[in-house]
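Biologist: Could you take me through one part of this model in close detail, and say which conventions your values rest on?

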Amino acid sequence: MSTPAPEAAPGTSRIHNIGYRSYEGPRLGRAYARRSLYSQSLRGAYGLGRSAKSKVLPMLLAAVMFIPALIMVSISVYLEAKTLFWEYTQYAVFLQLVIAVFLASQAPQSVSRDLRFRTVPLYFSRPIERVDYVLAKYGAMSSALFILTATPLVIMWIGSMLAKMDFAEQARMFGQGLVSVAVLSVLYGGIGLVMAAFTPRRGFGVAAVIGVLTIPYSAVSALQGIAYATDNTGAIVWLGLFSPITLVIGLQNAFLGAPASFPAEAQVGAGAGAVYLAVILALVAACYGILMRRYRKVGL
Amino acid sequence: MTVIATESLSKRFPRVTALDRLSLDIGPGVTGLVGANGAGKSTMIKILLGLAPATEGRAEVLGLDVSTHGPEIRERVGYMPEHDCLPPDVSATEFVVHMARMSGLPPAAARERTADTLRHVGLYEERYRPIGGYSTGMKQRVKLAQALVHDPKLVLLDEPTNGLDPVGRDEMLGLIRRVWTDFGISVLVTSHLLGELERTCDHVVVIDGGKLLRSSSTSDFTRTTTTLAVEVTDSDAHPDGTGALRAALAAAGVALHDGVEEGLPGAGHILLLEAAGEETYDLVRDTVAGLGLGLVRMEQRRHHIAEVFRPETAQHEEAQAR
Ligand SMILES: Nc1ncnc2c1ncn2[C@@H]1O[C@H](COP(=O)(O)OP(=O)(O)OP(=O)(O)O)[C@@H](O)[C@H]1O
Ligand SMILES: [Mg+2]
């Protein structure tokens with residue numbers, strides 16, 4: 001005969017006296033968990049499903065991003081203009097600081113929180129794997145940026161039709177604009193998440209993201225200015241490879257019908273454009289690889 | 001049926017051997033995994049979840065090999081880490097619903113199971129408030145809830161009583177007991193306090209420096225050491241009643257402890273002896289009667305597992321408990 005199994009501490013069993021129901025329903029597994037994490041993170045980037053306070057900044061930034069397009073469209077329709085006065089491909093470049101602030105505020109909330117509060121092991125103790133987590137977070141951040149940057153283009157396109165502009169031309173330019181902001185979203189999303197994933201402390205991530213987007217851009221602009229002033233126009237195109245936004249500017253100038261917007265109206269040719277594309281792809285791949293490495297140890 | 005089986009399982013880090021050829025066979029019920037800091041408890045759990053590869057040997061959880069069936073195991077198992085893992089700015093409900101979906105539960109089921117599970121762990125109105133404002137005890141309950149929400153077959157609880165006061169500790173241990181008795185979910189629970197698992201577990205595994213020290217049911221632990229404390233009065237015929245009883249019992253072949261304890265004032269001493277079973281009780285009673293002594297008391301001393309364990313660790317445990 002053995003000692004009977006010890007019983008629950010008296011008192012506790014009375015408090016929790018509700019029958020336990022087991023779960024016999026479906027378990028949707030890994031792909032579903034990845035989709036759920038993606039949609040939760042995407043909604044989270046706009047503060048949805050979070051506190052009222054968390055909605056303020058992303059919603060405000062979205063408004064700042066959309067309002068110029070609405071104004072431009074209203075004026076164009078009113079004046080019955082033949083073309084919109086901003087190119088589709090220029091819109092995100094003009095408002096790059098708004099995009100940077102959005103990314104700097106939302107990338108840390110997407111990944112740094114999980115690291116800071118050590119929630120990551122809870123994900124990896126479930127069917128979800130490292131690659132699912134990284135893909136869901138990366139996809140969600142890029143999608144959030146795409147919504148932010150593509151919505152004004154949609155507004156512009158609708159406006160162009162209301163103002164009865166040339167449909168085929170507008171559709172082509174709108175398409176090129178969408179490709180451009182898609183590239184920007186994937187590139188920025190990766191850079192923002194990498195910076196945030198290495199700065200779990202509150203505040204540091206914001207500064208790191210803003211820094212990596214603006215400091216290289218200022219440096220590149222300054223150097224391009226010097227190259228222009230010293231008649232080194234050949235260098236202007238190559239200098240553009242060294243900051244995220246000038247990478248997008250160069251790429252769309254080469255392949256997406258965007259006007260030259262470097263100093264001296266330096267044109268990015270197809271050859272240089274291919275280099276731009278290669279650098280962008282390499283950066284995106286590097287961001288993905290770095291994120292995968294970042295989470296290798298965290299599960300343990 | 002085997003819930004967890006390991007065979008010569010080893011985990012070596014560059015500097016330390018966290019697990020050293022550990023072979024275990026754990027059945028359904030509540031199992032305690034006990035060891036001092038750095039004994040390898042958390043390492044063991046990570047291997048069982050398929051999150052860290054073993055250096056050598058093999059392990060199976062619910063009949064699935066950890067090296068090849070990690071995702072399947074993690075779908076059927078719940079895990080409560082030893083460290084904090086809760087974001088302070090969301091409510092327990094939101095957090096547990098999200099974790100339920102990460103375990104593959106459809107949205108409606110995730111919400112329903114979250115409400116049930118939080119009630120079962122004893123969180124009511126507070127579950128709508130941000131976790132940041134919770135007490136340590138409430139946070140531990142949320143951590144337990146996220147491990148249970150998908151109705152696993154087994155939960156791995158890493159030091160769930162960490163940081164709790166004695167009342168919170170008892171409540172948590174009671175809850176853990178119910179996870180098995182009421183929910184039918186097997187439990188592997190780690191602790192560095194051997195004593196606290198005695199009441200909660202059906203089976204205790206003691207490891208030290210990654211090596212298996214002992215693995216047996218809690219009833220074994222205590223049964224092998226059942227000690228009887230006997231106190232008798234003196235009589236005119238036997239001015240030293242205790243001494244006379246000691247001699248008589250020794251002659252009858254009863255295993256006696258060397259020392260005697262001080263008894264009640266004026267009532268002589270307490271004799272400690274090993275009880276082999278019912279017969280010993282009868283023998284003691286008859287012997288006392290035969291000597292014409294008065295039996296003041298005869299009671300079972302249920303030993304704490306700590307006493308069976310290495311004295312070094314027992315001291316450590318006392319220090320921790322203080
Ligand atoms: N990733 C790692 N790299 C190197 N050594 C490690 C690693 N993880 C654990 N160890 C070492 O392995 C040993 C066992 O660690 P483990 O965390 O499993 O112990 P534990 O029993 O859980 O201890 P505690 O009671 O402190 O939680 C320790 O000596 C620890 O330092
Ligand atoms: Mg541990």
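Modeller: Helix α7 of chain A, residues 130–162, has 33 residues that should span 48 Å at 1.5 Å a residue, and its end C-alpha atoms lie 47 Å apart, which agrees; the expected span is 1.5 Å times one less than the number of residues, and helices are DSSP runs of H or I with at least four residues, numbered from the N terminus. This is a predicted model, in which local features need pLDDT of at least 70 and side-chain atom pairs count only at pLDDT 80 or more, while totals for chains, interfaces and linings use all residues. Residues are numbered from 1 along each chain as its sequence is written, chains are lettered from A and ligands numbered from 1 in the order in which they are written, and side-chain values use heavy atoms, with hydrogens and water left out.

Along its course α7(A) bends by about 30° at A:Ala150, and a proline, A:Pro152, follows within four residues; the bend is the angle between axes fitted to the seven residues ending at a residue and the seven starting there. Just after α7(A), A:Lys164 takes a positive phi of about 55°.

The partner to consider is helix α8 of chain A, residues 167–197, which packs against α7(A) at an angle of about 160°, with the two axes 8 Å apart. That makes α7(A) roughly antiparallel to α8(A), a term for angles over 145 degrees, where angles run from 0 to 180 degrees between N-to-C directions and axes are lines fitted to C-alpha atoms over the stretch in contact. The crossing of α7(A) and α8(A) is right-handed, that is, the near helix is turned clockwise from the far one by less than a right angle. By class, the contact of α7(A) with α8(A) has 19 nonpolar, eight polar and one charged residues; Ala, Val, Leu, Ile, Met, Phe, Trp, Tyr, Cys and Pro count as nonpolar, Asp, Glu, Lys and Arg as charged, and the others, Gly among them, as polar.

From first C-alpha to last, the 26 residues of α9(A) reach 36 Å, close to the 38 Å expected at 1.5 Å a residue. A:Gly211 is also among the buried residues of α9(A), which include A:Leu213 and A:Val220, buried meaning under 20% relative accessible area with a 1.4 Å probe and protein chains only.

Terms used:
Helix = DSSP H or I, 4+ residues; strand = E, 2+ residues; numbered from the N terminus. Parallel < 35°, antiparallel > 145°, perpendicular 65-115°, else oblique. Buried < 20%, exposed > 50% of the residue type's maximum accessible area, 1.4 Å probe, protein only.
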